[in-house]
Amino acid sequence: MKKRLPLHLVLLILLVPLIGVIFVVVQTPKMERDAYRNLESILALKAARIESWLQERQGDSESLSGSENLALRVEQLIQHKNDPLNRRLLSNRLHLLLRSYGYLSALLVDTQGNLLIGSGNHRDIPPLVRDLLRQTVDSKQVLHTDLYREETGHTHMDWIAPILAKTPTGERVIAAIVLRINLKSFLYETLQTWPTVSESAGSVLVRRDGNDVLFLSETHHIANAPLQFRRPVDTPALPAAAAVLADQPGIMRGWDFRGVEVLSAYRPIAGTPWRIVGKIDRAEVLAPMWNTLLWIGGVVFAAVVVILIVLYRLLRQQDYAHALEVEAEKLKADQLLRNFYELPFIGMAITSAETKRWIRFNDRLCEILGYSVEELLGKTWEEMTHPEDVSADLESFDSLLRGEHDDYSLEKRFIRKDGAVVYTLIDVRCVRKQDGRADFIVATVQDISERKRAEIRSERLKSLYENLVKINETLLHSTDDKQLFEELCRIPVDNGLMSMAWVGSEDPETRRIHPTFRYGYGTPYLDTIVISSRADLPEGRGTTGTAFREQKAIATNDWRTDPAMAPWKAQAAQYGWKSSACFPIFRNKKIHAIFTVYNQEPNFFDEQVMALLTALAGDVSYALDGMDIRRALMESEEHSKLLLESANSGIVGLDVQGNITFVNKTAADMLGRSAEELLTQPMHATAHHSRPDGTPFPEEECPLYATFMDGQPRHFAKGIFWRKNNSNFPVECWTHPIVRRNELLGAVVVFQDISERLIIEEQVNSERERLRNIIDATGAGTWEWNLSTGKAIFNERWAEIFGYTLAELVPFTTKSWEKFVHPDDLQLANERLQKHLYGKSDYYECDVRMRHKDGHWVWIADRGRITRRANDGSPLIVSGTHLDITERRQAQERLFQSEERFRKLFADSKQPLMLIEDGHFIDANPATLEMIGFDSVDEFRGISPAAISPEYQPTASRPPPKRKKCSASPRKKAATVSNGNISRKTASISSPKSCSRRSASPGKR
């Protein structure tokens, strides 16, 4: 014994570092593998979210670039920059993009980068964006910048969507929309968040910039890092440098820019030069191992010290008499066994090979199993073993008794006194009798619950990451709420992560939450319970009601001990649920639904699980908002189609053969055909085949056909189209080619029936000529005064009357008027003008004296009246004449006759003249009364034009249809115009109210 004592001492002393080395060697690779696996899973999820985000932004831009309706409006804006309606529609479209997708700004610019319309606070166009704009114009493709930094320190990323107009030679970029991304709202937030609690873990975005690695996002340790902080790319130990040099995902152990050893993973972002790099300090990863090693080392060291003390005492006992040697050996063994039993870190026991009951055990085993010494003595290890582990343990134990082996080791679960499950690692050895039969069994029991829980948590997180990836894929492809919520409930249950999941919404009237989508084990439970969002009811104080009311994620990890779950505890116990969690789902920043999941394990919803599921609920909310936005855009496109269908101009779409592919109702009505009759028919042969005299109109001379040949838009102010009944009507027509990717696809024809306009133009020209002749014959000067702007317009004769040229008097203001008018006449003239403007006289009339250029006074007959009013009825324009009446003042009779003739110009005109105010006649000359058969103007006043007009204007080939008579009285004589002739007939004339139906349909007159 004494000879081998030094060896034993050395072995005992080396036992502590040996155990530590073995533990470190075994645990370090495992913990590093777990860390790498977590880093890879997190980076895969983040990369998928960033790639999806980039695709959505690309899709937004391509949708804008491909919108023909938007291109048409932009082209109209460029041609008519002061059109307020078009500017407002485009501004609303840009504002919708900002509000729906969270862009910082949306700018409509021309091809030189000049701002046309902008929405948002950032309206500058940096040089980098201007350069990219030129590339967009050349390539006609949607392009985007990389991340860039402005002089102000702000980091941006812009998408440029070209607006393409159709030309004969192909598409031409006429403008572009610049979308500025809010990086902080998604990209930087995604990079900075980490799903687990960690002091050093994080992710950054990098790319290669020459011989440097350029950091594109914030880091934990360097302020203001984006696009400024860089490191040499030839630094092999730097994970960011390795990332930019690799094209595939990878892992490595290296040193970050702080000089700290880290574990790192990286992967490329598809479609970009970016690399996402995730890292965690190696010291943080290994910290739990070192803590455990410290405890193990301390315990083993204490045990070694105890053993050394025991050995020391045993050596001293050897000095006693040889007679006591046997007793000393026995005491030594007993003491050694007692010391082992008293070790605090491991349970030890001796059990009977026959009864399987505990014979002897230490306090640590009682602590592990939760029983007192007296209670444990009455138990067998078999009845305390988890039911699922009994068979495997019995098989190993029976083979031990049969002598097939002397020991075995396995992991098994015990059921503690409080019902909790404890995971253990047991080492069993059989002590046999001389005949080989088992005498008793010695077992050591080590509590490995924490390790198993860590393994389960790791597997759980891995499964949860996989579910998140699947659900995010569903989010990208979901087209409606039903599909989205059904997959949200199904995936975590089918993958075994949850027992049951459901999505519910609140009834605003009863404030009860009703499940609308459900999946998993125990769904009938939802039909038997009541859940409320009211805090004053017990049914509203559970996790679901509280989460809905407070709009935050809430979990209960033990239904058995949570008093808030009392209303549902009995029903839930039937399905074995131990924990549940609820997550609010938002839509348009308002709570929309609640997502609830159940699990049969207590304490399932830890911080990491809650963080990941909360992020999932946020992704679902984001997807719902995206669906709403896409639906709004579709409705906007549908609204544009309705606008085309409701336009008062005929609109026809043609393919390259000239066949009709689209026709709106107005065009079909004007052509006297249905839309079905017109579709697929050749436009020229259908409506433009002949000249007004009936001779054929060759297709090669047709401007519509010419547009297909050279792709140039055309406009002809006067042409004719033919109806189905072989009648024709005059039109003003525009043709615009449809071009996509330099390919001519067809043309759009827009036309208007100008029959009424031509008649009016002829009448106006005739009247204008007649008035010009009258004015020239009378030698009158004319004036027109705009009361809103103060601007006055005169003819040359007006200036000649008092000896000037018009150029000498322009500008002529109220001060000029006071200067030229005789002081004795000025006040009277102003009073009569004000009297007319205030509606107290029908005309402004005043004879005034104005100073001639050579100094004498010239008598002027100043006459005028309000000829145009503003929308509110206030006077806007006053028109009148000046007549030189100097000579006629000497002959009152001649002056009276001239004045009377001028005043009766309206009354004596043989041309029917009518005045309309607010939709009703207020005056008419005798020619009008004679034409329509009225006896006096008083009978004519107050009647609307609809009351004396036929419902349909007559045509050359079709007599006017009979008009339904109004029931009101009295009956008066009226006249209609047919084929240019005036004919009398009896028609019912009603008051404006009784004929409101006709008045509401002016388009039919």
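**Exercise 1: The largest cavity**

The largest cavity in this predicted model has a volume of about 130 Å³. Work out which residues are closest to its centre, and what kinds of residue make up its lining.

*Solution.* 
- Step 1: Start with the lining, which has 13 residues; closest to the centre of the cavity are Trp358, Trp381, Ile426, Val428 and Ala443.
- Step 2: Now see which elements contribute. Helix 12 (387-401), strand 16 (407-415), strand 17 (421-432) and strand 18 (438-447) each give at least two residues to the lining.
- Step 3: Sort the lining by type, and you get 10 nonpolar residues, one polar and two charged.
- Step 4: Zoom out: the model has six cavities of 30 Å³ or more.

**Exercise 2: Strand 8 and its partners**

Find out which strands pair with strand 8, and explain why strand 8 is largely enclosed by the rest of the structure.

*Solution.* 
- Step 1: Look at strand 13 (residues 275-281), which pairs with strand 8 in the antiparallel sense over five bridges. Here Val204 sits opposite Val277 of strand 13.
- Step 2: Go on to strand 9 (residues 212-215), also antiparallel to strand 8, with four bridges. Val206 has Phe215 of strand 9 as its bridge partner.
- Step 3: Check the turn. The hairpin of strand 8 and strand 9 has two residues between the strands, and Gly210 there takes a positive phi near 70°.
- Step 4: Count buried residues, meaning those under 20% relative accessible area. Six of the eight residues of strand 8 (residues 202-209) are buried, so the strand is largely enclosed by the rest of the structure.

Key:
Residues numbered from 1 in each chain as written. Predicted model: local features only at pLDDT ≥ 70, side-chain atom pairs only at ≥ 80, totals over all residues. Heavy atoms only, no water. Buried < 20%, exposed > 50% of the residue type's maximum accessible area, 1.4 Å probe, protein only. Pairing = 2+ DSSP bridges. 1 Å grid on protein atoms, 1.4 Å probe; cavity = no way out; pocket = protein on both sides within 12 Å on 5 of 7 lines; lining within 4 Å. Points joined across faces, edges and corners; volume = space filled by probe spheres on them. Nonpolar A, V, L, I, M, F, W, Y, C, P; charged D, E, K, R; others polar.
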